[in-house]
Amino acid sequence: MSFKGILSKMYFNPGNRDTGTKEYMEEEVTKIEDDDVEVVLENEEAINKKFSGANSLSKYAELGKIMVGMLKDVKNSVYPHVPWFTIATIVLALLYVLNPFDIIPDFIPGIGFIDDVSVLAIGVGWIETDLHKYLDWKIKEGKGL
């Protein structure tokens, strides 16, 4: 299923959060396709630009750069030790950040990026161990951060 199809099924449910939203996201993340990876990689600059404006988002901008770097290294077969779930999670999170049709529109001052940061934080929580392994590998190989 394409990312567009995933978004059409997503809904905002603040009052009843225990309806299986986490399970739904875990199921959908396995449906990410190679074309979705390409969209993220082709839009790396737009993703970085989206996070570069606010100092409070600088942590997430760095996480986004690390995630894109990991995707590039996986795609170029430089770092092949990544489960597909991790790749799909990175792609899903970054496509959501890139998508202008958010749950909370980005143009709303002060709260426009809350949903983007939330999706990114959830994704990072799922793949944190793999991100640490990737960063350790980069340091060990002398490739820098």
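Helix α5 (residues 58-75) packs against helix α7 (residues 114-140) at an angle of about 55°, their axes 10 Å apart. That makes α5 oblique to α7. The model is predicted: local features need pLDDT of at least 70, side-chain atom pairs count only at pLDDT 80 or more, and totals for chains, interfaces and linings use all residues. Residues are numbered from 1 along each chain as its sequence is written, and side-chain values use heavy atoms, with hydrogens and water left out.

**Terms for the helices**

- Helices (H or I, at least four residues) are DSSP runs, numbered from the N terminus.
- Axes are lines fitted to C-alpha atoms, for helices over the stretch in contact, and angles run from 0 to 180 degrees between N-to-C directions.
- Angles under 35 degrees count as roughly parallel, over 145 as roughly antiparallel, 65 to 115 as roughly perpendicular and the rest as oblique.

**α5 against α7**

- α5 passes α7 in a left-handed crossing (the near helix is turned anticlockwise from the far one by less than a right angle).
- On the α5 side, the contact (heavy atoms within 4.5 Å) is made by Y60, L63, I66, M67, G69, M70 and D73.
- On the α7 side, the residues are V117, L120, A121, V124, I127, D130, L131, Y134, L135, W137 and K138.
- By class, this contact of α5 with α7 has 14 nonpolar, one polar and three charged residues.
- Ala, Val, Leu, Ile, Met, Phe, Trp, Tyr, Cys and Pro count as nonpolar, Asp, Glu, Lys and Arg as charged, and the others, Gly among them, as polar.

**D73**

- D73 lies in helix α5.
- At 13% relative accessibility, D73 counts as buried (under 20% relative accessible area, with a 1.4 Å probe and protein chains only).
- Not counting residues up to four places away in sequence, D73 touches V78, Y79, Y134, W137 and K138.

**α3 against α5**

- The axes of helix α3 (residues 34-42) and α5 come within 10 Å and cross at roughly 125°.
- α3 and α5 are therefore oblique to each other.
- This crossing, too, is left-handed: α3 passes α5 that way.
- V37, E38, V40 and L41 of α3 meet V68, L71, K72 and K75 of α5.
- The contact of α3 with α5 has five nonpolar, no polar and three charged residues.

**α6**

- Helix α6 (residues 84-98) has 15 residues, which should span 21 Å at 1.5 Å a residue; its end C-alpha atoms are 21 Å apart, which agrees.
- The expected span is 1.5 Å times one less than the number of residues.
- 12 of the 15 residues of α6 are buried, so α6 is largely enclosed by the rest of the structure.
- Among these buried residues are T86, I87, A88 and Y96.

Technical notes:
Helices (H or I, at least four residues) and strands (E, at least two) are DSSP runs, numbered from the N terminus. Buried means under 20% relative accessible area, exposed over 50%, partly exposed in between (1.4 Å probe, protein chains only).
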